[in-house]
Structure formats: structure tokens, C-alpha cells
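The sequence and the model are shown first.

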Amino acid sequence: MTKPLLGGMEGVFIPVKDPKLSAKWYEEKLGLTLNYIEEEAAVMNIAEASQTVICLVRTSDHQPMKFPDNNFGVGKYYNFISNGDIEETYQLLCEKNVNVNAIGGEGNTKYFTFYDPDGNPLGVCQ
């Protein structure tokens with residue numbers, strides 16, 4: 001068996017209007033921790049055990065991320081893994097007034113889409 005060329009994901013880059021305001025939202029609503037901030041970007045840690053960071057990058061003429069039309073039903077680039085029960089995660093986001101779509105899927109596979117303040121669709125799956 002050949003050893004994989006890649007060992008994981010270092011960073012996820014999300015376009016935003018204002019990294020400072022977005023970082024506050026990601027911290028308050030999702031529990032991410034601010035690692036580094038400057039005028040053009042904010043770097044957030046997802047969790048202490050996660051090597052992957054979220055980089056909120058200021059974009060001029062901001063447009064929310066839009067996944068191309070497809071027949072597979074995918075409408076977002078990023079799916080986060082629920083840290084526990086997905087129904088509980090869903091309810092907590094609703095209580096924090098986050099714009100969320102209904103939970104989909106069946107059996108052990110469940111998922112939903114939510115939106116950051118810049119309209120970027122993000123997902124949670126279990």
C-alpha cells in the first residue's frame with residue numbers, strides 16, 4: 001500500500017466582509033478561539049485537538065460562497081463534524097439565532113446547513 005501524500009487539512013479559508021466582526025460571531029456562536037487577527041484576516045482554532053484552523057479573509061466586493069449546481073445535492077464547501085449529538089448542536093445554534101436549515105439525512109447520517117453573518121453556507125454532519 002502506498003503512503004498518502006497528504007496528512008490532513010491545515011486551513012479552511014472563508015471570505016468575509018470584516019474579519020474582526022466575523023471572528024466575534026464565530027467565537028460567540030460556534031465557540032471557536034481567536035488565534036491571530038489583523039486587518040485582512042482572522043485565524044480561528046476550531047478546537048484544541050484540531051489541527052485545522054479557519055481563516056476568515058477580508059474580500060473586496062464580497063460575495064457569499066456558492067457551490068456550483070450539481071446533482072449530488074451539495075450546496076456548501078465545508079461540513080463540520082458535530083461535537084456530540086447533532087440535534088443538540090442544531091438546537092444550540094437556533095437558540096443563538098443562527099440562520100439554520102432543517103436537519104436532513106436518515107439513520108446514522110444526519111446533516112444541516114447554517115449561515116454565517118456574511119451569508120456563507122456551512123454545514124454540520126454526524
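Leaving aside neighbours within four places in sequence, Tyr115 is in contact (heavy atoms within 4.5 Å) with Trp25, Val98, Asn99, Asn101, Asn120 and Pro121. This is a predicted model, in which local features need pLDDT of at least 70 and side-chain atom pairs count only at pLDDT 80 or more, while totals for chains, interfaces and linings use all residues. Residues are numbered from 1 along each chain as its sequence is written, and side-chain values use heavy atoms, with hydrogens and water left out.

Tyr115 belongs to strand S8; helices (H or I, at least four residues) and strands (E, at least two) are DSSP runs numbered from the N terminus. With a relative accessibility of 24%, Tyr115 counts as partly exposed. On this scale, buried means under 20% relative accessible area, exposed over 50%, and partly exposed in between, computed with a 1.4 Å probe on protein chains only. The side chains of Tyr115 and Asn101 are joined by a polar contact of 3.2 Å. A polar contact is a pair of N or O atoms within 3.5 Å; within protein, one must be able to donate a hydrogen and the other to accept it, and residues adjacent in sequence count only if both atoms are side-chain atoms.

**Helix H1**

One of the residues touched by Tyr115 is Trp25, and Trp25 is among the buried residues of H1, together with Pro19, Ser22, Ala23 and Tyr26. Seen down the axis of H1, these buried residues fall within an arc of 160 degrees and therefore line one face of the helix; the arc is that of the directions from the helix axis to the C-beta atoms. The cover over the buried residues includes strands S1 (11-16), S2, S3, S4, S8 and S9 (121-125). The face turned away from the buried side carries the exposed residues Lys20 and Leu21.

H1 comprises 12 residues (19-30) and reaches 15 Å from its first C-alpha to its last, close to the 16 Å expected at 1.5 Å a residue. The expected span is 1.5 Å times one less than the number of residues. At the start of the helix, a side-chain oxygen of Asp18 comes within 2.9 Å of the backbone nitrogen of Lys20. After H1 comes Gly31, with a positive phi near 80 degrees.

**Ser82**

Ser82 is located in the loop between strand S5 (79-81) and H2 and is buried, at 11% relative accessible area. Its side chain makes a polar contact of 2.9 Å with the side chain of Thr89 and reaches the backbone oxygen of Gly84 at 3.1 Å. Not counting residues up to four places away in sequence, Ser82 touches Thr89, Val124, Cys125 and Gln126.

**Salt bridges**

A salt bridge is a side-chain nitrogen of Lys or Arg within 4 Å of a carboxyl oxygen of Asp or Glu. By this rule the count is 4, and the table includes three of these pairs.

| Pair | Closest N to O |
|---|---|
| Lys66 and Asp69 | 3.7 Å |
| Lys110 and Glu87 | 2.7 Å |

Arg58 lies in strand S4 (53-58) and Glu40 in the loop between strands S2 (33-37) and S3 (41-45), so this pair ties together parts that are 18 residues apart in sequence. Arg58 is partly exposed at 29%, as is Glu40 at 37%. In the second pair, Lys66 and Asp69 are both exposed. The bridge between Lys110 and Glu87 links distant parts of the chain, with Lys110 in strand S8 (109-115) and Glu87 in helix H2 (86-95), 23 residues apart. Lys110 is partly exposed at 24%, and Glu87 is partly exposed at 32%.

**Positive phi in loops**

Asp61, in the loop between S4 and S5, has a positive phi of about 50 degrees although it is not a glycine. Asp61 is exposed, at 67% relative accessibility. Asn97, in the loop between H2 and strand S6 (99-100), has a phi near 60 degrees, a positive value in a residue other than glycine. Asn97 is exposed, at 70% relative accessibility.

**Annotated region**

An unreviewed UniProt entry places the feature "domain: VOC" at residues 8-126. UniProt positions are given in the numbering used here, feature names are shortened, and annotations may be inferred rather than shown by experiment. Over residues 8-126 the chain is 18% helix and 35% strand, and the end C-alpha atoms are 19 Å apart.
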